[in-house]
Amino acid sequence: MEEPQPGPNPLRKMILVSSMAAGIQFGWALQLSLLTPYVQTLGVPHAWASFIWLCGPISGLLVQPIVGYSSDRCQSRFGRRRPFILAGSLAVAIAVFLIGYAADIGHAAGDNLTQKTRPRAVAIFVIGFWILDVANNMLQGPCRAFLGDLAAGDEKKTKAANAFFSFFMAVGNILGYAAGSYDGLHRLFPFTETEACNVFCANLKSCFFFAIVLLVVLTTLVLITVKETPYTPKAEKETKDAEKTHFSCFCGELCLAFKGLKRPMWMLMLVTAVNWIAWFPYFLFDTDWMGREVYGGDVGQKAYDSGVHAGSLGLMLNAMVLAVMSLAIEPLGRVVGGIKWLWGIVNILLAICLGMTVLITKIAEHERLLNPALVGNPSLGIKVGSMVFFSVLGIPLAVNTL
């Protein structure tokens, strides 16, 4: 057990640290809504796009525990959390620059724009994408741990800090999805549209410029105004920890945790695993599904881009419902007879909603078959149904991410 900060800090400091969640989630929202369509414009086949996203689960599984363990034992004179927050923010800035300028860098390195696949641009994109995932995971853990340090064991302030962190996560999601849904953002930065970078790519660059500015401003405010007490470990604990690697400590604790689990907990974990098998394709291909299946376009076509922007709007509505639902979980749990029943109900709702994607797709395809003019501009009923689908999914997402 690490030595806590001497007494809880003022709530304004916790709010400031919590606000970093807005900067982190702004980037996550852009990543979830725009990067799957974008990587396909560089020539990565639709079926292979999901392999690039493997970095998310891998970095979450490995990077967060190791960074958390290292952060807990960091003896920097600047504190335990702030060095990791600074490093993570700088890594995010580098990553989004590589992603946004992947097409331009690839073209300068020799990519042929007449070819469907641009291998150099894809390589730059993948490097930037993986750095971004690792950096985001580096940021989230220390930020949450910093809030715990500031609360110093005060239960009331700990709950308030977690509530503010969740609130700013929702704010970041809403801002990110709103930016992704607007197709005229590149007009603010005319230099973003180049020979190798079309309007969709230029909008992505512009969104990332805002993401960098937001994260840099919030990080600077936190680093300057919120101080940390340097960590000084106890001598005997330091000796024991020095004999172990970060990874071995993590693996040992993980194995012990699994060994002590009872059957109900194993069932809960199994259902949760199946649950997230359903969620990840939604996160990866929701805007792509809108562009291809609902709006009837293909990568590079105006119809596809319109569908992607509409999908980003749907994700913004999803984030708004999630924010409201996050505050309503406890009272709703009491109404339905407990959190266990609420969890079961929203899982059934999730299954119904995901099944609705098939119905929406088939109806949209049938309408385009009868009237080809609806390509890129589906009927009002399809548009409304798609937005309702995104919105309602905010309910199970709020409970499953609790």
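Reply: Start with burial: buried means under 20% relative accessible area, exposed over 50%, and partly exposed in between (1.4 Å probe, protein chains only). This is a predicted model: local features need pLDDT of at least 70, side-chain atom pairs count only at pLDDT 80 or more, and totals for chains, interfaces and linings use all residues. Residues are numbered from 1 along each chain as its sequence is written, and side-chain values use heavy atoms, leaving out hydrogens and water.

Me: Is Asn-136 buried or exposed?

Reply: Asn-136 has a relative accessible area of 2%, so it is buried. It lies in helix H7 (residues 119-151); helices are DSSP runs of H or I, at least four residues, numbered from the N terminus.

Me: Which residues is Asn-136 in contact with, leaving aside its neighbours within four places in sequence?

Reply: Contact means heavy atoms within 4.5 Å. For Asn-136, the partners beyond those neighbours are Ile-24, Trp-28, Gln-31 and Val-92.

Me: How many residues does the largest nonpolar core have?

Reply: A nonpolar core is a set of buried Ala, Val, Leu, Ile, Met, Phe, Trp, Tyr and Cys residues joined through side-chain atoms within 4.5 Å. Here the largest has 89 residues, and Leu-35, Tyr-38, Ile-99 and Phe-125 have the most contacts inside it. Helix H2 (residues 20-41) gives the most to this core: 13 residues. A second, separate core has five residues, including Val-63 and Met-138.

Me: Is Phe-51 buried, partly exposed or exposed?

Reply: Its relative accessibility is 46%, so Phe-51 counts as partly exposed. Phe-51 lies in helix H3 (residues 49-52).

Notes. Helix = DSSP H or I, 4+ residues; strand = E, 2+ residues; numbered from the N terminus.
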